[in-house]
Amino acid sequence: MAPTGAGGGWDTTARSMQKTLQDAGLLNGQSAEVRNVTGAAGTIGLAELVTSHQKDPHQLMVTGLVMVGGVVTNKSPVDLSKTTPIATLTAESEVIVVRSDSKYTTLKQLVDDVKANPTAVKWGGGSAGGTDQILVGLLAKTAGADAKTVAKQYVAYSGGGETKAALLSGDVSVAVSGTSEFADLVQSGKLRALAVSSPKGEDAGAGTPAPSIRESGYDLDLLNWRGVVAPPGLSAADRAAVLKLVDDLHKSTQWKQELTAKKWQDFYKSGDEAAAFYQAESTRIKTVLTEIGLG
């Protein structure tokens, strides 16, 4: 299940898994199908997985950071703790950008202004409660700014195109999205990347690494990760079989080719390690969304 519409990140991940399982010969003559269940940041699909497919090892669902936020903002009665975590798969860094004529040339300059006056900066990014706004809230909290007031300066847009237009026109002064979203405008010199949200600096389009938020002096990393979960109630044997299938997928040459083609970071954790990661992220994101008034 891809708990979103066709063409989005979760759908692309599910179809890449489907293709790899087939191309790598991991299905033993069987087939893999992808279906879409849309709504409420994936929580409609999550509820279906938990309530309608208990104990069924043949049902898997793609999930990710956006769903963790969606559980909070949509007040979902079901969260990822009700599933059987299988693995995390991929990740993408976020980037904080300004126009090239902005007075801000470093993240510290921006954060200092926000700490002095939480309403000084208008931020733009994707949907309310999504990865982009989570990063803004976490940055404000980590830097010691008024996170709730800062979050109120965030303008949510329906897509990257709208965010780009708002930043270039001056409707917002800072924008946040996945690094690939703004790479073309950073490369052209229209935008300046202040920082990326990965632990270490990386190229955001300019040809040289942009510093990470951590390297800029703030104890914060945030990756827009995606993974896969199974329904609750699997037997030990069924869980082990599903884990082996996804482990084999991850090890395959075909999956490595998918990562390269899609420009995804390999972010693999499986089994108990994945379960611990899901729990830690759920706690962290619920805390920040509550603190900024979205929980």
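Which residues does Q133 touch, not counting residues up to four places away in sequence? Select Q133 to find out. Keep in mind that this is a predicted model.

**Stop 1: Q133**

Q133 is found in helix α5, residues 131–143. Show its neighbours. Leaving aside residues up to four places away in sequence, Q133 touches A128, A151, Y154, I292 and L294. Now colour by accessibility. Q133 has 5% relative accessibility, so it counts as buried; the cut-off for buried is under 20%.

**Stop 2: helices α7 and α8**

Next, select residues 160–169 for α7 and residues 179–188 for α8. Their axes lie 10 Å apart, and the two helices pack at an angle of about 40 degrees. α7 and α8 are therefore oblique to each other. Their crossing is right-handed. Show side chains at the contact. α7 contributes G160, T163, K164 and L168, while α8 contributes E181, F182, D184 and L185. By type, the residues of this contact are three nonpolar, two polar and three charged.

**Stop 3: A40**

Move to the loop between α1 (9–23) and α2 (43–52), where A40 sits. Check its backbone. Most residues other than glycine have a negative phi. A40 is not a glycine, yet its phi is positive, about 55 degrees. With 30% relative accessibility, A40 counts as partly exposed.

**Stop 4: K55**

Finally, select K55 in the loop between α2 and β1 (61–64). Is K55 buried or exposed? K55 has a relative accessible area of 59%, so it is exposed; the cut-off for exposed is over 50%.

Definitions and conventions: Residues are numbered from 1 along each chain as its sequence is written. This is a predicted model: local features need pLDDT of at least 70, side-chain atom pairs count only at pLDDT 80 or more; totals for chains, interfaces and linings use all residues. Side-chain values use heavy atoms; hydrogens and water are left out. Axes are lines fitted to C-alpha atoms, for helices over the stretch in contact, and angles run from 0 to 180 degrees between N-to-C directions. Helices (H or I, at least four residues) and strands (E, at least two) are DSSP runs, numbered from the N terminus. Angles under 35 degrees count as roughly parallel, over 145 as roughly antiparallel, 65 to 115 as roughly perpendicular and the rest as oblique. A crossing is left-handed if the near helix is turned anticlockwise from the far one by less than a right angle, and right-handed if clockwise. Contact means heavy atoms within 4.5 Å. Ala, Val, Leu, Ile, Met, Phe, Trp, Tyr, Cys and Pro count as nonpolar, Asp, Glu, Lys and Arg as charged, and the others, Gly among them, as polar. Buried means under 20% relative accessible area, exposed over 50%, partly exposed in between (1.4 Å probe, protein chains only).
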